[in-house]
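Okay, folks, thanks for coming.

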Amino acid sequence: KEVVAPWRGRRLPSIGKADTHELLDSIVERGSPVTANRVLAWLHRMCRWAVERGLIEANPCTGIRAPAAETSRERVLEDAELKALWLASEGLEPRYAAFIKLLILTGARRTEVAEMTWRELDLDAKIWTLPKERSKNAREYSVHLPDLACGILETCPRMDGSDFVFTLNGRNAITGFAMMKRRLDELLPPGIPPWTMHDVRRTFASGCARLGIAIHVVEAALN
């Protein structure tokens, strides 16, 4: 979307620093500076690979600084906000509602929950085993599911021939997170400050700390 479309039909060796700057500037000018940073990072990585393979002589991203400064987010949802999010999710399609509630209850990463499969679940033992192939740190780990999470999963309909828990067509896990987020924002009561789905994970960690749970236990729960 960000690179192939504007450069379609051009060969990589013909791309220079000026082209890269022009591409990044266009992304910043449309109001997406953080996206520009991500594009630079991925393009730099791809071009470095191409240099290593002898496909191009020079990396057109070398020496280019990230277009925008970023600050780490520290947003933690207050209890009332978390409750509002839970209730707002019930206005979504049931699979999306269950997805949001599982994010709140487990603190797992968005993609980890979205791509959950039935074979990863042992609801009798109340365990969700995330394989290393799907884990961000490439480690298998077990999520101990509370009764509420198990109850939600037990009500999720199973689609014939599909192992995905959250799917609309049986072939792929749910996506469309930006659209889901916009819909949630519409359903939330007015006055709630901006938030992201990753803030839910941070809120989980903060809530555990408030309950007096040791930090090494929280880190293990979050993998």
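So, which residue forms a salt bridge with Glu120? That would be Arg134, with the closest N and O atoms 2.9 Å apart. Keep in mind that this is a predicted model. The pair links distant parts of the chain, with Glu120 in the loop between α6 and β1 and Arg134 in the loop between β2 and β3. Are these two buried or exposed? Glu120 is buried, at 8% relative accessible area, and Arg134 counts as buried too, at 18%. Glu115 joins in as well: Glu115, Glu120 and Arg134 are linked in a network of salt bridges.

Searching the whole structure turns up 15 salt bridges. Another one is Asp79 with Arg210, where the closest N and O atoms sit 3.0 Å apart. Asp79 is in helix α4 and Arg210 in helix α9, so this pair ties together parts 131 residues apart in sequence. Arg210 counts as exposed, at 58% relative accessibility.

Now the inside. The largest nonpolar core has 41 residues, and Phe99, Ile100 and Phe166 have the most contacts inside it. Elements giving it two or more residues include α4, α5, α8 and α9, and α5 supplies the largest share, 8 residues. If you skip its neighbours within four places in sequence, Ile100 is in contact with Leu85, Ser89, Leu92, Met180, Leu184 and Met197. Apart from that core lies another, of 14 residues, with Val39 and Ile64 among them.

Last stop, the surface. Leu211, Ile213 and Val217 make a nonpolar patch of about 280 Å². Ile213 lies in the loop between α9 and α10 and is partly exposed, at 35%.

Technical notes: Residues are numbered from 1 along each chain as its sequence is written. This is a predicted model: local features need pLDDT of at least 70, side-chain atom pairs count only at pLDDT 80 or more; totals for chains, interfaces and linings use all residues. Side-chain values use heavy atoms; hydrogens and water are left out. A nonpolar core is a set of buried Ala, Val, Leu, Ile, Met, Phe, Trp, Tyr and Cys residues joined through side-chain atoms within 4.5 Å. Buried means under 20% relative accessible area, exposed over 50%, partly exposed in between (1.4 Å probe, protein chains only). Helices (H or I, at least four residues) and strands (E, at least two) are DSSP runs, numbered from the N terminus. Contact means heavy atoms within 4.5 Å. Patches are made of residues with over 30% relative accessible area and no salt bridge: like charges are joined within 9 Å, nonpolar side chains (Val, Leu, Ile, Met, Phe, Trp, Tyr) within 5 Å. Accessible areas come from the Shrake-Rupley method with a 1.4 Å probe; for residues, only the protein chains shown count as cover. A salt bridge is a side-chain nitrogen of Lys or Arg within 4 Å of a carboxyl oxygen of Asp or Glu.
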